[in-house]
Amino acid sequence: MDDLQALTDEELVDASLLEQRAFAVLIDRYHSRLQRFVLRISNISSEEAEDIVQDTWIAAYRNLNGFDSKLSFSSWIYRIARNQTISQYRKRSVRPQGNSVELDDELLNTLASDISINHTIDNQLLKEHIGELLADLDEKYRTVLILKYVEDKTYSEIADILKKPEGTVATLLNRAKKRLEKLIATHPTHHHYGHTD
Amino acid sequence: MDTPTNSNSIIERIAAEHIQPKKAWGFWFGNAALWAVGTVMVFVGAIATAIAIHMVRTQDWGLFSQGSGNLAEFAIKSLPYFWIIIFVLFILLAELVLRHTKRGYRWTIGMLVPSVIGISIMVGYCAYALGLGKTIDTSLEEHVGVYGRLLVPRHSAWIAPDHGRLAGKVIGLDTSARFTIITIDGQQWLVEAGSADFVDDDDVLAVNVRVRMIGHVTASHGFRADVVLIQPDDEPFGRPGLHSRPPLPRERE
């Protein structure tokens, strides 16, 4: 197995067509990440998220020959995971809402500086209530914010995951940040912190 | 080293359900098919361009203005609406299809639509220059009844003797100053052209030659021509008799 561990993701995709051990290595590398991602963009239980991620791997295995080597494997598997999540929600006719999201300090500061908020007060608000703030956003805005600030994806990777042009991703991100700003400004605890505009 | 649980259960499920990767040629074929369909749509847009250019360029804007018709009405009737609609429709369809190719999602509308329009127009112009616009337009008119009926407003612009415009094929020639024509709707007219200006002296008036004329009505199915345009190879007003009632024999004056 050690020889397979040394391979890149893209090399493992090729190897998976010959032996399933290579596919197992890919699963081990990405399974937890995909679970957290599915939980963040939906409001399902851990068990349901596990089912979706399992279905994601099954779909990925079926479509191994369709993997575009110009993409990163990470973008490809995230794309499948997102599609599986949306597909589950369409079957249940329920709008996906976010689960709890945690930002580390560096990413939190990046998000805070990217949106127009008072750093001292609203950073704190953002940190404490990021989960419910994101849950109130539409799925497309929540997903793009999570991909950028939680999963730390580049614009190019997000474009590949969402299958949209980079310009559209930039526009979506802009709109998502504006919506988040509004939610922060109108959040009940916003006034508790004594922030005035 | 033991394989962790997640990968174990998934690999076991793959084995239990006999799941196999889909064949590579299927993905290749799917993408190739999308490109083929997109290309065909761009090509249809090009054909629409070729025919539209043909239709607009074979209108006698300059000659028409000498008649007593309404130029705005003539212009509106002359526009190739059918082909403009086909062009727009197929460009939009091409954009939709090409966007679904493997990397098509990366193209913005601002990149894709102008490119598709540009290619269609360039190829269309080449097709027009090769005569395809005229060939297809004529063939459709002869063999597709619905298409021919769509063109009646365009042709009818030249069957407006009360407005000083008349066109048809020469079926009888007394002299170059007096001849009989049959129009697209099957009507026969006796034409007096003794004092007319003949445009394009290289073409000789003869039976089966197609003419377009500016002048005025002198009697029932009699027409005095002031300007005669002879264009034996050009049929912007369609083939005589194509949309006709049975022709009625008439004597003039």
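This is a predicted model: local features need pLDDT of at least 70, side-chain atom pairs count only at pLDDT 80 or more; totals for chains, interfaces and linings use all residues.
The axes of helix α9 (residues 155-162) of chain A and helix α10 (residues 166-185) of chain A cross at roughly 100°. α9(A) and α10(A) are therefore roughly perpendicular to each other. Their axes come within 9 Å. On the α9(A) side, the contact involves A:Y155, A:S156, A:I158, A:A159 and A:L162. These meet A:E166, A:V169, A:A170, A:L172 and A:L173 of α10(A). By class, eight residues of this contact are nonpolar, one is polar and one is charged.

A second pair in chain A joins helix α2 (residues 9-16) and helix α3 (residues 20-41). Here the axes cross at roughly 145° and come within 7 Å. The crossing of α2(A) and α3(A) is left-handed. α2(A) contributes A:D9, A:L12, A:V13, A:A15 and A:S16 to the contact. From α3(A) come A:Q20, A:A22, A:F23, A:V25, A:L26, A:R29 and A:Y30. The contact of α2(A) with α3(A) comprises eight nonpolar, two polar and two charged residues.

In chain B, helix α2 (residues 24-57) packs against helix α6 (residues 109-129). The angle is about 55°, and the axes lie 7 Å apart. That angle makes α2(B) oblique to α6(B). The crossing of α2(B) past α6(B) is right-handed. Residues of α2(B) in the contact are B:V42, B:G45, B:A46, B:T49, B:A50, B:I53, B:H54 and B:R57. α6(B) supplies B:V116, B:I119, B:S120, B:I121, B:V123, B:G124, B:Y125, B:A127 and B:Y128. The class count for α2(B) with α6(B) is 11 nonpolar, five polar and one charged.

α2(B) also takes part in the largest pocket. The volume of this pocket is about 540 Å³. It is lined by 21 residues. Closest to the pocket centre are A:G66, A:W76, A:R79, A:K163 and B:F27. Two elements give two or more residues each to the lining: α5 (73-92) of chain A and α2 of chain B. The largest share, six residues, comes from α2(B). By class, the lining of the largest pocket holds seven nonpolar, 10 polar and four charged residues.

Conventions: Residues are numbered from 1 along each chain as its sequence is written. Chains are lettered from A and ligands numbered from 1 in the order in which they are written. Side-chain values use heavy atoms; hydrogens and water are left out. Axes are lines fitted to C-alpha atoms, for helices over the stretch in contact, and angles run from 0 to 180 degrees between N-to-C directions. Helices (H or I, at least four residues) and strands (E, at least two) are DSSP runs, numbered from the N terminus. Angles under 35 degrees count as roughly parallel, over 145 as roughly antiparallel, 65 to 115 as roughly perpendicular and the rest as oblique. A crossing is left-handed if the near helix is turned anticlockwise from the far one by less than a right angle, and right-handed if clockwise. Contact means heavy atoms within 4.5 Å. Ala, Val, Leu, Ile, Met, Phe, Trp, Tyr, Cys and Pro count as nonpolar, Asp, Glu, Lys and Arg as charged, and the others, Gly among them, as polar. On a 1 Å grid over the protein atoms alone, a cavity is a set of points where a 1.4 Å probe fits but cannot get out, and a pocket is an open set with protein on both sides within 12 Å along at least five of seven lines; lining residues have an atom within 4 Å of a point. Grid points are joined across faces, edges and corners, and a volume is the space filled by probe spheres set on the points.
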